[in-house]
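Here is a short briefing for a first look at this structure. Keep the sequence and the 3D view side by side while you read.

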Amino acid sequence: MRLVSLQQRVRRAAEPEEEPAPAPAPPAPPSHHSHNFLNMKNKFFNELGHLPMPMWAIGAIVVVGLALVGCFAFCIYKKCLGGKKKAKKVRERKGGRRRRKKEGEGEEDAEEAKPEEGEEKEQEFFGKLEYTLDYNFTDNQLIVGILQAQDLPAMDIGGTSDPYVKVYMLPDKKKKFETKVQRKNLCPVFNETFIFKIPFNDLAGQTLVLQVFDFDRFGKHDVIGEIKIPMNSIDLGQPIHEWKDLVGGEKEEQEKLGDICISLRYVPTSGKLTVCVMEAKNLKKMDVGGLSDPFVKVVLQHNGKRLKKKKTTVKQNTLNPYFNESFSFEIPFAQIQKIQVLITVYDYDKLGSNDAIGKCWIGYGASGVGLRHWSDMLANPRRPVAQWHTLQPEEEVDAALKAPIR
């Protein structure tokens, strides 16, 4: 018995002890967040199932919404971040074009620019002018008729213009004519005729210029358009009557004609107006030798009607003459407000007509220095008031005098 029990003990010791199987781990409790997500997911799909539209329509709506959001975000990005880069590129592109133009490169850019410039020129329209030309072979006279203009552009703020036409010959410009100013009219009728006394053989090298201006009482007159007619390109054997389109023209550069000093004195009690022509300076050269023989004509007008005229002596061979000559006029105080004093400087010519160097205008209807000088004289009775005046072309002053006073 003992032997058996001993063998059983030895056998048990030799056999490996069997380890008990581990108990299965209890399942992890579900996470609170995942539980909420699952609930929301189930609730969302339940709601989708109850919607009265198919699933493909819902998907399309979602896609469109996402596309709109993306476009909106892209626009914000381009507006905020892409503006500076674009401006820089534009500046670089413009600078490159300028450099290519200066260096004579970039033929394609130049070719593209040419039609654009041509289109702009085609779009510009300056109106048209009706005129006549005739030549009197008996008297050697070129007769120019300015009839009317149509469709002139508006040059004033009110949408109108105050046009007049200047007529002269190139290259000498010795004789210039002007029509009357037509107030606030884009289709003015002139019906005026001007005569140039030019031998027929001398016409071939000359050009007739018809310039349409917009009159401005308080500033420089603006060029509306012009027509240039080379005399060697037309047949004067028969009268010419035609319409022509005006082309854009630049105003001829204003040449300096000189300045003149005038002293005015008025005594209201006696009605005596004294005009003293003191001196002139920097007069335009009119003679071949580079000098002039100036004298001054003083014309007195009342409300546009000529009353009296006076002349100074002629000063030989000088551009800075000193006169110091006075002229007195009897003007009642009731009329002094509408008096105009016209000062014209001429170059004396023994053989032909005297050429006007320049002109100025003081008194009623004048502007600028001419108006201020007159006002100073009236404000200081019995005292001489001296003032320098810049000479203007005679035709411009005459056109201003013809225009109705506002």
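**A salt bridge to start from**

The side chains of K359 and D398 form a salt bridge, with N and O 2.7 Å apart. This pair ties together distant parts of the chain: K359 sits in strand β15 (residues 355–363) and D398 in helix α6, 39 residues apart. K359 counts as buried at 8% relative accessibility, while D398 is partly exposed at 24%. The model is predicted.

**The chain as a whole**

- The chain has 406 residues, and 33% of them count as buried.
- It contains six helices and 16 strands.
- Its accessible surface comes to about 26900 Å². Carbon and sulfur atoms account for 54% of that surface.
- Take the contacts between residues at least 6 apart in sequence: 64% of them join residues at least 24 apart.

**The other salt bridges**

- The structure holds four salt bridges. The pair K359 and D398 is one of them.
- Side chains of opposite charge can pair when their charged atoms come close.
- E395 forms a salt bridge with K176, and the closest N and O atoms are 4.0 Å apart.
- This pair also links distant parts of the chain: E395 belongs to helix α6 (residues 394–402) and K176 to strand β4 (residues 176–178), 219 residues apart.
- E395 counts as buried, at 16% relative accessibility.
- K228 forms a salt bridge with E226, where the closest N and O atoms are 3.9 Å apart.
- K228 is partly exposed, at 47%.

**Helix α6 and its packing**

- In α6, the residues E395, E396, V397, A399 and A400 are buried.
- What do the buried residues of α6 pack against? They pack against β3 (163–170), β4 and β15.

**A four-stranded sheet**

- Four strands form an open sheet in the order β13-β10-β9-β16, with antiparallel pairing.
- The edge strands are β13 (322–330) and β16 (385–390), and each of them pairs on one side only.
- Neighbouring strands of this sheet are turned against each other by 20 degrees on average, direction ignored.
- β9 and β10 run antiparallel and are joined by nine bridges. Between them they form a hairpin, with four residues separating the strands.
- In the turn of that hairpin, G271 has a positive phi of about 65 degrees.
- Strand β10 (residues 272–281) also pairs with β13, in the antiparallel sense, over seven bridges.
- V277 has bridge partners in two strands: I262 is paired with V277, and in β13 the bridge partner of V277 is E325.
- E279 has Y322 of β13 as its bridge partner.
- In a regular strand the side chains alternate between the two faces of the sheet.
- Helix α5 (residues 369–379) lies across β9 (259–267), β10 and β16. Its direction is at about 175 degrees to that of β16.

**Cysteines**

- How many disulfides does the structure hold? The structure holds zero disulfides.
- The cut-off for a disulfide is 2.5 Å between the sulfur atoms.
- C276 counts as buried, at 10% relative accessibility.
- C71 is partly exposed, with a relative accessible area of 47%.

**A lysine in strand β11**

- K297 lies in strand β11 (residues 294–302).
- Is K297 buried or exposed? At 17% relative accessibility, K297 counts as buried. The limit for that label is under 20%.
- Leaving aside neighbours within four places in sequence, K297 is in contact with K310, K311, L342, I343, T344 and Y346.
- K297 and V345 are 6.5 Å apart in space, C-alpha to C-alpha, yet 48 residues apart in sequence.

Key:
Residues numbered from 1 in each chain as written. Predicted model: local features only at pLDDT ≥ 70, side-chain atom pairs only at ≥ 80, totals over all residues. Heavy atoms only, no water. Buried < 20%, exposed > 50% of the residue type's maximum accessible area, 1.4 Å probe, protein only. Contact = heavy atoms within 4.5 Å. Areas by Shrake-Rupley, 256 points an atom, 1.4 Å probe, with all protein chains shown as cover. Pairing = 2+ DSSP bridges. Axes fitted to C-alpha atoms, helices over the stretch in contact; angles between N-to-C directions.
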